[in-house]
Amino acid sequence: MVRSEGIRVLDSIMGRIDQKSKNRTAREKEEDYRRMGLDLVAGLSTELYNAKRTATIDLDVLVTSLSNLSDGLAKLKRLVNNDLGTDEKGEKFIHSMGSFISYSEESMKELEEDDDRVLLHVREITEYFHGNVSKEEANPLRIFVIVRDFLGDVGSCVQRAEMSQSP
């Protein structure tokens, strides 16, 4: 992989920049391919940084937090609508809380829609890269754990290759 990526990158760069590359020996070209390929492969982890971060997300905690927010908002709404007094001070508070509740309900709706949309995209990504995925997948974010582990393995290989390359 290192060599093939090195060839692809170096040939495209050298073809545009330097025609002297034709005068390089086969060994020099191989060293260039290896160096460029290692740089490119080492950069893969940086490019997929967000995928690695996603692997650390606990989906159960997110789902529970969303549910807790929704339940808390419902309790607050009941409290404001049913349990608070209607004296003058209470009316101002109820009016203020009504605005807050309306805003919060809209925000909760957006969060729930975002949650559904994100999980749909995760399923699509998993289907694309991993194949047929059951609806009962315990952790839909598992694909990101696989990517993180793969990137760790790639990083180890790059380090070993760099160490074997050093004089």
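## Secondary structure and overall composition

In this predicted model, the protein contains six helices and zero strands, and read from the N terminus on, its elements follow the order α-α-α-α-α-α.

Where contacts between residues with a separation of 6 or more are considered, 70% of them in the protein are accounted for by residues 24 or more positions apart.

## Helix 2

Helix 2 covers residues 26-47, and at 1.5 Å a residue its 22 residues should span 32 Å, which agrees with the 31 Å computed between its end C-alpha atoms. The buried residues of this helix include D32, Y33 and M36, and G37, L38 and V41 of helix 2 are buried as well. As a general point on such spacing, an α-helix has 3.6 residues a turn, so residues three or four places apart point the same way.

A55 is situated in the loop that lies between helix 3 (49-54) and helix 4 (59-83). With a relative accessible area of 11%, A55 falls under the 20% cut-off and is therefore buried.

Once neighbours within four places in sequence are left aside, A55 is in contact with F144, V145 and R148. The C-alpha atoms of A55 and V147 are separated by 8.2 Å, although these two residues are 92 residues apart along the chain.

## Nonpolar cores

The largest nonpolar core has eight residues, namely A51, A55, L59, L119, V122, L141, I143 and F144. The elements that give two or more residues to this core are helix 5 and helix 6 (142-165). Apart from this core lies another, of six residues, among them L66, V80, I101 and M108. In soluble globular proteins, nonpolar side chains tend to be buried together.

Which residues make the nonpolar surface patch of about 390 Å²? The patch is made by I125, Y128 and F129, and F129 is found in helix 5, which comprises residues 88-130. F129 has a relative accessible area of 60%, and because this value is over the 50% cut-off, F129 counts as exposed.

Notes. Residues numbered from 1 in each chain as written. Predicted model: local features only at pLDDT ≥ 70, side-chain atom pairs only at ≥ 80, totals over all residues. Heavy atoms only, no water. Helix = DSSP H or I, 4+ residues; strand = E, 2+ residues; numbered from the N terminus. Contact = heavy atoms within 4.5 Å. Expected span 1.5 Å × (residues − 1). Buried < 20%, exposed > 50% of the residue type's maximum accessible area, 1.4 Å probe, protein only. Patch = residues over 30% accessible without salt bridge, like charges linked within 9 Å, V, L, I, M, F, W, Y side chains within 5 Å. Areas by Shrake-Rupley, 256 points an atom, 1.4 Å probe, with all protein chains shown as cover. Salt bridge = Lys/Arg side-chain N within 4 Å of Asp/Glu carboxyl O. Core = buried A, V, L, I, M, F, W, Y, C linked by side-chain atoms within 4.5 Å.
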